[in-house]
Amino acid sequence: EKIPPAASRSGYADTMKTFGLFCLAAVAVQGPLISCSLWKPAAASAAPLTEKERFFVAEVRPVLERQCLRCHNGTTLPGKLNLSSGETALEGRLRGQRYITPGHPEQSLMITAVSHKGNHRPLMPNLVPLTLTEDSIGVLREWIEDGAVWPTGSAGQLKAVANPENP
C-alpha cells in the first residue's frame, strides 16, 4: 500500500482510526457478520433532507413526474407552467395568479386545475376523463399548505415518468 505524503498522513491516520472504531462498534452491535470493507468515510455532502423535503420526494415528486411533467417540462409550457425545477414551478403565474402559492392551496391555480373546480376548464391531466385521484390531489394540497417546499439538488430534480394512463 502506498503511504500518503506527510501533509496528509494525519488525515489518513484519523480516517483509518475512525474506520477501525466503526468496525469494532459494528461488530459489537451486529456481530461478526457485518462487512466493514464497503464502508467509506462520509464525503462532504448536502445536508440531510428535512421532513418537508422528504414528503416532496416520496409523495409529490411521483405525482408530478407521472401526471404533469410530460407537458409542463420546460420544453412545452401549457399555461406557461414549467414544473422542471422548483424555481420555475414556484415562479409560474397566469394572468398574475400563481400556480403554486405556498401555504395557500385555495389560491393556487394548480389545485384549481387538477380538482376541476372553479372557473378552470377540466384540462389537467391532459386526457379527459382522466383525472388525478383524490389521494394525489390531497398530496398536492397538503404539500402546498405546508409551504410547497421543493428540495434543491438531485432530490428536487424531476424527470418525466412514462404513465400508460396519461401518454
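Helices here are DSSP runs of H or I at least four residues long, numbered from the N terminus. By that rule, Leu-90 has its place in helix H3, residues 86–91.

**The chain as a whole**

Welcome to a chain of 167 residues, of which 31% count as buried. You will find 5 helices and 2 strands in it, and from the N terminus on they run α-α-α-β-β-α-α. If you take the contacts between residues at least 6 apart in sequence, 55% of them join residues at least 24 apart.

The average pLDDT of the chain is 74, and 60% of the residues score at least 70. Confidence is highest in H5, at a mean of 96, and lowest in helix H1 (residues 6–30), at a mean of 45. Two stretches deserve a careful eye, and the table sets them side by side.

| Stretch | pLDDT | Contacts in the model beyond near neighbours in sequence |
|---|---|---|
| Residues 6–10 | below 50 | 2 contacts |
| Residues 15–30 | under 50 | 10 contacts, counted beyond four places in sequence |

Where pLDDT is low, the predicted coordinates should not be read in detail.

**The nonpolar core**

Now for the inside of the chain. The largest nonpolar core has 24 residues, and Leu-64, Leu-83, Ile-100, Met-110, Leu-140 and Trp-143 touch the most other members. H2, helix H4 (109–115) and H5 each supply at least two residues of this core.

Leaving aside neighbours within four places in sequence, Ile-100 is in contact with Leu-83, Ala-89, Leu-90, Ser-108, Met-110, Trp-143, Ile-144 and Ala-148.

That list brings us back to Leu-90. With its neighbours within four places in sequence left aside, Leu-90 is in contact with Arg-98, Ile-100, Pro-102 and Ala-148. The C-alpha atoms of Leu-90 and Thr-101 are separated by 7.6 Å, and these two residues are 11 apart along the chain. Leu-90 has a relative accessibility of 23%, so it counts as partly exposed; to be buried, a residue has to be under 20%.

**Aromatic rings**

The count of aromatic pairs comes to 3. One of them is formed by Phe-56 and Trp-150, a tilted pair with 4.7 Å from centre to centre and 40 degrees between the planes. Phe-56 lies in helix H2 (residues 51–68) and Trp-150 in the segment after helix H5 (134–145), so this pair ties together parts that are 94 residues apart in sequence. Both Phe-56 and Trp-150 are buried. Together with Trp-143, they form one aromatic cluster.

**The cysteines**

How many disulfides does the count come to? The number is 0. A disulfide is a covalent bond between the sulfur atoms of two cysteines. For Cys-68, the closest cysteine sulfur is in Cys-71, and at 9.1 Å that is too far for a bond, because a disulfide calls for sulfur atoms within 2.5 Å. Cys-71 is likewise in no disulfide, with the sulfur of Cys-68 as its nearest cysteine sulfur. Cys-68 is also buried, with a relative accessible area of 11%.

Notes: Residues are numbered from 1 along each chain as its sequence is written. This is a predicted model: local features need pLDDT of at least 70, side-chain atom pairs count only at pLDDT 80 or more; totals for chains, interfaces and linings use all residues. Side-chain values use heavy atoms; hydrogens and water are left out. Buried means under 20% relative accessible area, exposed over 50%, partly exposed in between (1.4 Å probe, protein chains only). Contact means heavy atoms within 4.5 Å. Rings of Phe, Tyr and Trp (its six-membered ring) pair if their centres lie within 6.5 Å; planes under 30 degrees apart count as stacked, over 60 as edge-to-face and the rest as tilted. pLDDT is the predictor's confidence in each residue, from 0 to 100. A nonpolar core is a set of buried Ala, Val, Leu, Ile, Met, Phe, Trp, Tyr and Cys residues joined through side-chain atoms within 4.5 Å.
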